[in-house]
Each structure stands twice: as structure tokens, then as C-alpha cells.
Number of protein chains: 2
Amino acid sequence: MKHILIIDDDVAIGDMLTEALTLEGYRVSRAYSGTEALLALPQARPDLVLLDLMLPGLAGEQVLPQIRGIPVIVVSAKVDVQDKVDLLLGGAVDYVTKPFEIRELLARIAVRLRQAPAPDAARFTFGPLELDADTRVASVRGAEARLTRTECAILKLLMLNPTQVITKSTILDRISLDTPDCTESSLKMHVSNLRKKLRELDGNDYIEAVWGIGFKLRAPE
Amino acid sequence: MKHILIIDDDVAIGDMLTEALTLEGYRVSRAYSGTEALLALPQARPDLVLLDLMLPGLAGEQVLPQIRGIPVIVVSAKVDVQDKVDLLLGGAVDYVTKPFEIRELLARIAVRLRQAPAPDAARFTFGPLELDADTRVASVRGAEARLTRTECAILKLLMLNPTQVITKSTILDRISLDTPDCTESSLKMHVSNLRKKLRELDGNDYIEAVWGIGFKLRAPE
DNA sequence: GATCGCTTGAAACACATCCTCATCATCGAC
DNA sequence: GTCGATGATGAGGATGTGTTTCAAGCGATC
């Protein structure tokens, strides 16, 4: 289930958003000031943030640059073009002006959530499969598996490019920061172990081998 | 240099956009109708598409679902919320209403381009037939077939020169990097297997034998 | 220092791919 | 139409790749 954090001090708008988002099947958290938002972010780990600009404590413009790896949609009454441009170029993925049509906002949220996650994000999803790269826990519908550092790096790389085939040399290059001496034969081991752990979650084999090239994520039927 | 395709029949707006985008350092292509856009897309392979809705020939709503793997920003005078929602959920990454502020549009383009990872450049199309040389998957209207390395190399060579006849010796030369021991007799094998796989997609035989010379792609009726 | 977990390496096995050979079908020339 | 040559298809075997299991090295923790 996708998790959305609403950062807005306007209780009426926040309540309305919460109700609409919950109906859509999202999990919702709230923060009512900029400072509270910064405190809540590491705990909540949302998949997307709705950020108001005029906040008590710390303005939204100050909060935005501190959010890394999570897409932020700015929801504000400011209509000035320069504000929009600054915020979009400053890291926001979208900008919606109040008053807004809730259906349009929901559509824009859906667009952002279906797009590829940022490389420095800590949480990834691929169908029912979820990965927390910080705690190195992979899970499917509640069933969890602890991954080793290398396994987590491989799975993260695959989940960052869910449609592409990742060559073995690419994997070796990209995970060499963690374990420099990893060779192709040991890579087989890690993939094998990773597969085994994922298979124990729900019986599906999420990793597909592309013969002579590398590996690729595969969605279960 | 990033490449942007403008699909709009309004010459004034298109010219204005072209000028602004060129100043920003983008390379710009134009298409003035939906049908022209579909023809231009496989050739131009842009990084991003600006799509108007009211187009002669084929409406933008019909063009959008045929664009795969390239982010599309819809630029339209339609302000109805249902239109926006349909298009956003139908694959567009953003929706900007005319008249628009050029600076905001530029910012939104920059956001989409910074999010877009490397568009896989290894895709080829020939009529309804598509080939992804990275994943080695050939597909026709959703039906997919996995190809071997040599089969993929042969099909790629044919699709790179869709109008020409490719001699067998040419094929042997060009795929010798992948499979050095391929002889003329084994080439028959691969073409045969390739034909069989493609035939299972939609029943058509895309590969035509030119007697005494070589092979050539053939479009189904 | 012993234990545990992670990583690495080699070997066995299974399997996809590719080539060779044989057979049948098709085309062109006479 | 017949014949020779070329193209197409199928089966079998050799090669390489992928997967798994087992064992050993290494570092961290207790």
C-alpha cells in the first residue's frame, strides 16, 4: 500500500485530502508544520509528499530541499510563475494551485507514483514486492526476508530499472562499492541466494535470467 | 543534447515553442498531425514529446497510447477536469493548459527530463512488429517472443534496413561478432527458427526470401 | 578464542543455444 | 514437366551458460 504524507496546516483541506486519499486506497500521514514534517519524514518514510508552502515554523520552500529521494507535489495558493518555476527546478515533481480539483490531484499523484523511483530512495516496490534498502528487508504482503548487503544491492539495482535487463558486468560495477572483489561466479551465488529468499516469501521467482546478457525483474502472473 | 518532438498543428504556437526550446539548448522536431507524429516517432526517437490534442488526421488522445517509453506532456486548450484525468491516467506525465506560461512549461519539461532515466535506445519497429534488442524480446500488439542472441542480431539487422535486401554474406559478416562460427547452413536454421517465433505472434511471415540473394523484411497485408 | 554470518570458489547438474547433418519443399532453367 | 540447385524444416549432439550445492576463507561479534 502506498503511503502519502500531507504537510499542510490547514485542517479543513488536510481532512478533505485525507478522506479522498484513503478512499483511493492510500495510507495517509499528516504533518502540520515544516518542523514537524522534517521530524516525521524519517519515521513515516512515505512514497510521496504533498507539500503546502505557507507553513508555520518552517516554510515549505525550506522543507523541500531537505526531502531526498521522495517525490514532492507542491500544493499551494501561490500562483506566481516565478514561484512555480523555482520550486519545480528546486526538486518538486509537480505543482498544483489551490483551489484544486481533487480528481486532477489524484490523477497527478497516480502519475508520480507509477514513475520510476529516485536512485537515492530507500524504499522500492515492484508489484507486491517491497524493499527497504536501509533495513535491508524485502517483503511481500507482510512476509519478510532479511537480505545481506550484496543481495540488497543487487535487488535495489533491479528494482531501480524494473523494465530493463541489467547485465552482469553492470551489476558487478554498481555493487563493487560495497564488495570490491565480487566476481562473476560469486555473483551467481548471490543471485541464487536472493532468489531463494524471495521464493520463500510467496513462492514466486521475481528474478528472470536473460540468456547471455544478465538479469531482469519479472512480475508474477 | 536532449531532443523534443512538438506535435501541434498551430504554426504560431509551434514556432514560439521551437524558439524557446532551442534557446534552452534542446533539439526540436515538429509534427503537424497525429498521423505524421506516428510516422516521425520511430525515426526521431525524442526524449520527450509535447502533444496537442486537437490535431488533424488523428486526435492526440489516439496518439498518446501509441507512444511508449517516452514521456509525453499534453499541451491543450481543453480545461475539463475529466479530460485531464483521463490523459494523465492514460499515460501522459503532465498536462498544461493553453494559454500557458512558457517559463512554467520549460520548468515542467526540465522536471520530466531530469526524472527520465536513459531511454533504451535499442528499440526497433517495423509496422506492428517491435524489437527490444536489450531484452531480446520481439512483440506484436502485446504478444511477445524471446529471441536468442543470433536471432536477435539477424532481426535487428533486417529492421535497421527495412527496405533493402540483405545478402546472406552480409548477415554473416555483421553477426560474426556475436557468433563467429555461424555458417551459411546454420544461418538457415536461425532464420527458420526466427520465422517460426514471429509467426507465432500474429501468424504473419515477416521475413521474405529473395531467391539466390538473401532476405528482406515484408510487411503483412 | 570460538561462533556466527557473509562472501567466495569450485564442481555437478540442468538447460538454452548453436551447429551439423539429413530430409523435404520450392524455385528456375531447359 | 523434369532436373538441378537453393531454401526450409526437423532431429541430434557439442558447447557454453545458468543454477544449485558444498566447502572454505574472512571479518565481526560475543
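**Exercise 1: Around the DNA**

Of the 16 residues around DNA strand D, A:Lys188, A:Ser192, A:Ala209, B:Ser192 and B:Ala209 come nearest; a residue is near a strand if its C-beta atom, placed from the backbone, lies within 6 Å of it. This is a predicted model, in which local features need pLDDT of at least 70 and side-chain atom pairs count only at pLDDT 80 or more, while totals for chains, interfaces and linings use all residues. Residues are numbered from 1 along each chain as its sequence is written, and chains are lettered from A and ligands numbered from 1 in the order in which they are written.

Task: find which elements give two or more residues to the surface near DNA strand D, and sort that surface by class.

Solution. Step 1: the elements are α8 (184-202) of chain A and α8 (184-202) of chain B. Helices (H or I, at least four residues) and strands (E, at least two) are DSSP runs, numbered from the N terminus. Step 2: the surface holds eight nonpolar, four polar and four charged residues. Here Ala, Val, Leu, Ile, Met, Phe, Trp, Tyr, Cys and Pro count as nonpolar, Asp, Glu, Lys and Arg as charged, and the others, Gly among them, as polar.

**Exercise 2: A residue in a helix**

Task: decide whether A:Val63 is buried or exposed, and list what A:Val63 touches.

Solution. Step 1: A:Val63 lies in helix α3 (residues 60-63) of chain A. Step 2: A:Val63 is buried, because 24 other C-beta atoms lie within 10 Å (buried means 20 or more, exposed 12 or fewer, partly exposed in between, with C-beta atoms placed from the backbone). Step 3: leaving out residues up to four places away in sequence, A:Val63 touches A:Ile7, A:Gly34, A:Ala37, A:Leu38, A:Leu51 and A:Leu58; contact means C-beta atoms, placed from the backbone, within 7 Å. Step 4: A:Val63 and A:Ile7 are 56 residues apart in sequence, yet 9.8 Å apart in space, C-alpha to C-alpha.

Conventions
Two residues are in contact if their C-beta atoms, placed from the backbone, lie within 7 Å.
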